[in-house]
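Visitor: I would like to be walked through this model. Please put it up first.

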Amino acid sequence: MADTVLYEVSDGLATITLNRPEAMNALNIAAKTALRDAAEAAAADPAVRAVLLTSAGDRAFCVGQDLKEHVGLLLQDQESGANATMTTVRDHYNPIVRALTGMDKPVIAAVNGVAAGAGFGFALAADYRIVADTASFNTSFAGVALTADSGMSWTLPRLIGQSRASDLLLFPRNLTAQEAYELGIANRLVPAAELPSEALKLARKLAEGPTVAYAALKASMAYGADHSLDEALDKEDELQTLAGASEDHTIAVRAFLAKERPKYLGR
């Protein structure tokens, strides 16, 4: 992976770190490509049982598109008559969001600072967001005459409702960490100094947990978001049968009866 994004797998946990702190982890082409490749690698690796998405520095999780690079590419497009710059949604953002939301393992985003634009979108694509009390969120898109991308048109209304999502998208502003928590964007708030250790603790707990059950939970919630109750009940039946046949379910039941803590295998 390029050094704009760091990728490490240890004891079932893949840690993906945006690594452009000097640019507030803005997404240039190199970073977008590396993040896409890291997310897809984590999704495809059977040894990975959970993913921690985080970033270097203490100012920003990710401020979205690198506008300095972006404006240069736009000028090149205007001179050439091409529209190559805007293919980044198709080539980078969409694959990243699909990998994060679609992988059969849980993803935690540790939001340490500003999460804006696509950075906000990638945090929303995670299954769980642990957020520093100094962090902030901003949709940003309308502020630079763009529409939502990075999945935000789908994720944000489902988290906070259509009305509140419309407000934040049409009138971009900084949401404090506390506001994000009250709206349901942040799952947990922690003091900024404790974020790295608390995020790692949560991520390791998931990496040691019942992976098949977590995958089924992700699948059932995604399915239930846009299907009828009857269809969701049938999907629950299908996925519960799958989870019930896992080795981890047997381990859990035996541990419960023996009054012991289960040691899951992730299968």
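Guide: Buried means under 20% relative accessible area, exposed means over 50%, and partly exposed lies in between (1.4 Å probe, protein chains only). The model is predicted, so local features need pLDDT of at least 70 and side-chain atom pairs count only at pLDDT 80 or more, while totals for chains, interfaces and linings use all residues. Residues are numbered from 1 along each chain as its sequence is written, and side-chain values use heavy atoms, with hydrogens and water left out.

Visitor: Which residues of H5 are buried, and which helices do they pack against?

Guide: Helices (H or I, at least four residues) and strands (E, at least two) are DSSP runs, numbered from the N terminus. H5 covers residues 152-160, and its buried residues are Met152, Thr155, Leu156, Pro157 and Ile160. Contact means heavy atoms within 4.5 Å. The helices that these buried residues pack against are H4 (118-125), H6 and H7 (177-183).

Visitor: How do the residues of the contact of H5 with H6 divide into nonpolar, polar and charged?

Guide: On the H5 side are Met152, Leu156, Pro157 and Ile160, and they meet Gln162, Arg164, Ala165, Leu168 and Leu169 in H6. Ala, Val, Leu, Ile, Met, Phe, Trp, Tyr, Cys and Pro count as nonpolar, Asp, Glu, Lys and Arg as charged, and the others, Gly among them, as polar. The division is 7 nonpolar, 1 polar and 1 charged.

Visitor: What kind of aromatic pair do tyrosine 93 and phenylalanine 122 form?

Guide: Rings of Phe, Tyr and Trp (its six-membered ring) pair if their centres lie within 6.5 Å; planes under 30 degrees apart count as stacked, over 60 as edge-to-face and the rest as tilted. The structure holds 2 aromatic pairs. For tyrosine 93 and phenylalanine 122, the centres are 5.7 Å apart and the planes 70° apart, so the pair is edge-to-face.

Visitor: Which parts does the pair of phenylalanine 120 and phenylalanine 137 tie together?

Guide: This pair is tilted, at 5.1 Å centre to centre and 50° between the planes. Phenylalanine 120 counts as buried at 1% relative accessibility, and phenylalanine 137 does at 0%. The pair ties together parts that are 17 residues apart in sequence, because phenylalanine 120 lies in helix H4 and phenylalanine 137 in strand E8 (residues 136-138).

Visitor: Is aspartate 11 buried or exposed?

Guide: Aspartate 11 sits in the loop between strand E1 (5-10) and strand E2 (13-18). Leaving aside residues up to four places away in sequence, aspartate 11 touches Arg204 and Ala207. With a relative accessible area of 66%, aspartate 11 is exposed.

Notes:
Axes are lines fitted to C-alpha atoms, for helices over the stretch in contact, and angles run from 0 to 180 degrees between N-to-C directions.
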